[in-house]
Amino acid sequence: MQSSSSSSSLIETSLSSDDTTRTPKTDLSTNSSSNSSSSSSNVVNLDAKDASIGIDPWASIEIFGENKSYPGQKNNLVKTNRYNLITFLPLTLFENFRNLANIFFLTSVIISFLPYSPVSAIFVLVPLLFVLSVSIIKAGVEDLIKHHEDKKWNSQPCKVFRNKQWTTVTSDKLKVGDILMVEKDEMIPADLLYLTSSQDDNLAYYSETSLNGESAVKTMNCYSHFKGKDPIKEFSRHKYYLDVSEPDRDLTRYDMRLRRPQDHTFWAVSIKNVLLRGVMTHYTQNIVGIVIRTGHDTKIMKNMKHPPAKMTSFDRGLNRMIIALFIIFVILVTLSTGIALIIEKKTDFTLVLDTIPSVGQNFGEYFMQYFIIYSYFIPISMMVTIELIRLFFKILMSYDAEMFDPEFGHAIENNSNQIGQLGIVTHVLSDKTGTLTENLMELQKLSFNGNDYNAETFQLDFKDKAAMNFLKSMALCNNVIVHNSPSGKIEYNADSPDEAAFVDFAAKHNVRLIARDLNTMTVEIDGVKKVFNILAQLPFNSDRKRMSILIQEEGTNDQAILFTKGADNIMQNLTIDYNKTNLVNEYAISGLRTLVFAYKEMKDEELEQWLRTYHEAESSIEDRDKKVAEAAKEVECDLSVIGVTGVEDKLQEGVPDTIYWLRKADLKIWVLTGDKLETAVAIGRTTKVILPDSDVIIIGTESHEEVGHLLESAQREIDEMTNPVLIVSGNAVEMCLKDEYLKQFMDLADKSSAVILSRVSPFMKAQVTAAVKARKDCFTLAIGDGANDVGMIQISDVGVGVFGREGSQAAQAADFSLPRFRHLKRLMGVHGHWSYYRFSNVALFMLYKCFVFTFAQVWWTIYNLSTPQSYYIDFYLSLFNLIFTVLPPAIIGVTEQDLPQEVLLEHPELYKDPFDVMKFKDQVWYFILALYQSVVVFYGIILVMGDTESLKANGLFTYIAVCYTVVIQAILWTKYHNIFNWILYPFNLVLILLIAVVNLWTANIDYKHIVESSMSKGKCWFALIGTVIAALLPSIIADGIAKRFFPTKKRIYCERYYLQKKSGYVPDYEAEVEPDYTLNSLDL
């Protein structure tokens, strides 16, 4: 422990010496603020029996206390790793044996230890141990990385005030109730009630990049009760407690109260007074706060949950394959057992009949013997191979230079299991703002007092009261943080780019917001500074769709003014003189985002009464948000319209081309936005969601019955329309999602080429996604950039997050994170198409090779009068999947491609492959071929070599023939040949024979005669080469005929590409696939 008394003095010198304690009365003066639920106005003096608080706190934390009875986590230790030394092996084994294939092979291993097993147990055990080892090592490495990361954060030094001095402890030793000091550019290690800082104005500057991705610097005012006081002296002189609610995940609220028991006084505390674990301090030498939540009770740890597990369709297909194979396997084993029993019972030797065990016992022994012999029918290494290929794709995507943006960096794959899903998407559901657009707002139009102005040419007349009122509302009605940089320049940090645009516009016309603190805002109007007291602030959220601020100019007798801005459909119900519908629609048709500004003056009596209601609501711990919302309704009414703004949010580069590519790929596009109908339509045209020749169906009514009539009418007419686009707005969306109209709506959407939904909430986005996903043969991809898109991203089959300017919540919750929307084309068209093609072909090849291998054994048992005996040498059984045929699936999974990326990007119609090897009808040929090849390989060897060679020699040559057949077949099926193929495939062929000869000659003396005798005879080599050629011939002929006489579209485009490349012409696949369309206005 180290003393840090210097830190203590630093804080003390930054505070006022006035630290006397007093019990304030309920105060409705102008120093209250919504920015703080904790201003002095939120102080209530009550006796112990006062029921106005209306809550029973979950726990109380004593400041400077031991808090031994605190029911939550007391220290700050964080553990995100899953295992420890004791649980690692049991848990990883449990997780592996949830896989049906592993249970199957464990059963085989157990049976192989029985005395009548036809195969040595070690050769059945080795493959299973290998597969389990790879999986366990992978899990261990991932968990070890998490453990080291935890250790790094748990050992971070922290300064706490204990035993009357500042002491350094490690982060994991922090306790609730500690006073903590955090220095500049350090991460907050626990949730803190912010008290004060070394800044003259006691502000704390921080960013939430690590918490939610937002890089904007924000400020927090000191807790008002301690303004002008030294908190260390205050806590040393008086006992304080924090009454807290149970830890939860909600990042938008923190309900608690600070209590001083000796005079029964408490102060409300909200999220606006709390610095959460994970935020980073800036511009501030040090800040001081009370530790109120530690470790896994902190908000960020409560929210650190993996996205919902999504069972991929590929994995479901594999499971269906394995289940089908297991059924075939059981039937095969049962038939072989039955035939063996029948043959055995038909013997004429009485002595043999007398020694045969009972039918039941015999059946059990035969069944288990065949179970072992045929167990290679199911490929044990398939899942491990696919997992390793997924890992390769994760690395490949992360370093794809074509998916890099200088501002936002590389694409990130958060869920490698989903990569193959990108190749089978049918529906793309997209957010608009920040996903299709840049989320960089620029004010283009404004209208007030009956006049319409262009923002670029607007000139302010300071005598125009309407203009001044409008600019004052822009400068004051916001959450903008003002920072005076060391260079003297004023910087604005805004949560919303709209607010930054408004404040910048007002400043440009000499109505400049120059300072803001907990209770005041300072505005310089034409060189004259005016200070406005903040009486209350009602923030924007997706339900309210508006924000308000109640201010009063300091030093004057002017009445308090409430400024409100919000969506037009909300504001028209709150104002008394709304007549802006046509103007708002005009702006919206031009693609501008619209907001309506309004105000009202409040008389002292009305103001005092409402503030009392508001502060009581803010002081409540239970249902605080609900009570504040009810208080807001009381004041946000009878407003007068100031004016309307039109803000432009420019499209991201490449959006129209990407949308058009998706449409040409026969994907259904859904755009879900909170904008009004006209804005959504305008954006639909500029993004090519609506094409120039598209017929548009609009359902914008609020009438329940009329929605049904419009849906029926559109259903009748849609078949006659060209590229129909369905557009639904407002309450009509909600009605369409109800059971009564859902089927009609979805049937109509299925017939539409695209769908645009406007005025949708985050909850409705998730509802829509779930409805589309539930449709038969629909596979959804949802893409968005903000916290309001997380719901639909997690519900969809594949979630894609775009790195946003307002945070990266969507990117963190998604399966894939992209720098820009245009990268979706490459993500789906190249990575998605290739990965699904590779995964499915790897799975098919592994099933195919095990079919050939196992059915050769089946023919042997039939040939050998159904004797349950292995035809192959035991040692080679385990090598078949682990050594001799391990390279082909690896090569297919890593390098194979049916089409070059240039062709896939230039021809989106090739995105979907009509031939899907994961479907049974497209697998039939491969299984028939496997049966044929197993027959040829077995009988070819046995007929040519015959009785002149030993059974082991026949078995060995059959084994080698099977290996050569499946490896060469992989070469024949390969469509993309490269340097790796040319090296690895010949190496594989040589390796098979080399290992066999070396093993037989050195390690396996019992079979040395095979090398000396059989391998020295031309007849045996002729049998080997002849059977391999005969086995491969039908495949060669069939492929040749198909390519020559029945070429697929893929084949034609591929040949054309390579001919063009050979001639020196390569198409510019980054160019737009269709010329730009001009924007046509829509008559609504």
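In this predicted model, the side chain of glutamine 73 reaches the backbone oxygen of leucine 77 at 2.7 Å. Glutamine 73 also joins its side chain to that of asparagine 75, through a polar contact of 3.1 Å. The residue lies in the loop between β2 (59-62) and α2 (88-96). Its relative accessibility is 18%, and buried means under 20%, so glutamine 73 counts as buried. Beyond its neighbours within four places in sequence, glutamine 73 is in contact with Val176, Thr294, Gly295, His296 and Asp297.

The chain as a whole comes next. The protein chain holds 35 helices and 36 strands. Of its 1084 residues, 57% count as buried. The chain exposes about 46400 Å². Carbon and sulfur atoms supply 56% of that area. Contacts between residues at least 6 apart in sequence were also examined. Of these, 75% join residues at least 24 apart.

In soluble globular proteins, nonpolar side chains tend to be buried together. In this model, the largest nonpolar core has 139 residues. Val428, Leu781, Leu824 and Met828 have the most contacts inside this core. Helix α26 (residues 823-863) gives the most to the core, with 20 residues. Leucine 781 shows how the largest core draws on separate stretches of sequence for its contacts. Leaving aside neighbours within four places in sequence, leucine 781 is in contact with Leu422, Val425, His427, Val428 and Leu429, among others. Its contacts also include Ser796, Val798 and Val800, as well as Leu824 and Met828.

Annotated positions were then located in the model. In an unreviewed entry, UniProt lists Asp431, Thr433, Asp785 and Asp789 under "binding site". These residues span 359 residues in sequence, yet no two of their C-alpha atoms are more than 10.6 Å apart, so they gather at one spot. Aspartate 785 lies in the loop between β34 (780-784) and α24 (790-795). Aspartate 789 is placed in the loop between β34 and α24 as well. Aspartate 785 is buried, with a relative accessible area of 6%. For aspartate 789, also buried, the relative accessible area is 0%. Beyond neighbours within four places in sequence, aspartate 789 is in contact with Asp431, Thr435, Lys765 and Gly784. One of these residues, Asp431, is also on the UniProt list. With lysine 765, aspartate 789 forms a side-chain polar contact of 2.8 Å.

A polar contact of 2.8 Å joins the side chain of aspartate 243 to that of arginine 259.

Six of its six residues are buried, so β24 is largely enclosed by the rest of the structure. In a regular strand the side chains alternate between the two faces of the sheet. Both faces of β24 are covered. Thr520, Thr522 and Glu524 are buried on one side. Met521, Val523 and Ile525 are buried on the other.

Strand β24 pairs with strand β23 (residues 511-516) through five bridges. The two strands run antiparallel. Alanine 515 stands opposite threonine 522 in β24. Three residues form the link in the hairpin that joins β23 to β24. Strand β25 (residues 528-538) also pairs with β24 in the antiparallel sense, over six bridges. In this pairing, valine 523 has lysine 530 of β25 as its bridge partner. The hairpin of β24 and β25 has two residues between the strands. In that hairpin, aspartate 526 takes a positive phi near 50 degrees.

Conventions. Residues numbered from 1 in each chain as written. Predicted model: local features only at pLDDT ≥ 70, side-chain atom pairs only at ≥ 80, totals over all residues. Heavy atoms only, no water. UniProt positions renumbered as here; feature names shortened; annotations may be inferred. Helix = DSSP H or I, 4+ residues; strand = E, 2+ residues; numbered from the N terminus. Buried < 20%, exposed > 50% of the residue type's maximum accessible area, 1.4 Å probe, protein only. Contact = heavy atoms within 4.5 Å. Polar contact = N/O pair within 3.5 Å; in protein donor to acceptor, adjacent residues only side chain to side chain. Core = buried A, V, L, I, M, F, W, Y, C linked by side-chain atoms within 4.5 Å. Areas by Shrake-Rupley, 256 points an atom, 1.4 Å probe, with all protein chains shown as cover. Pairing = 2+ DSSP bridges.
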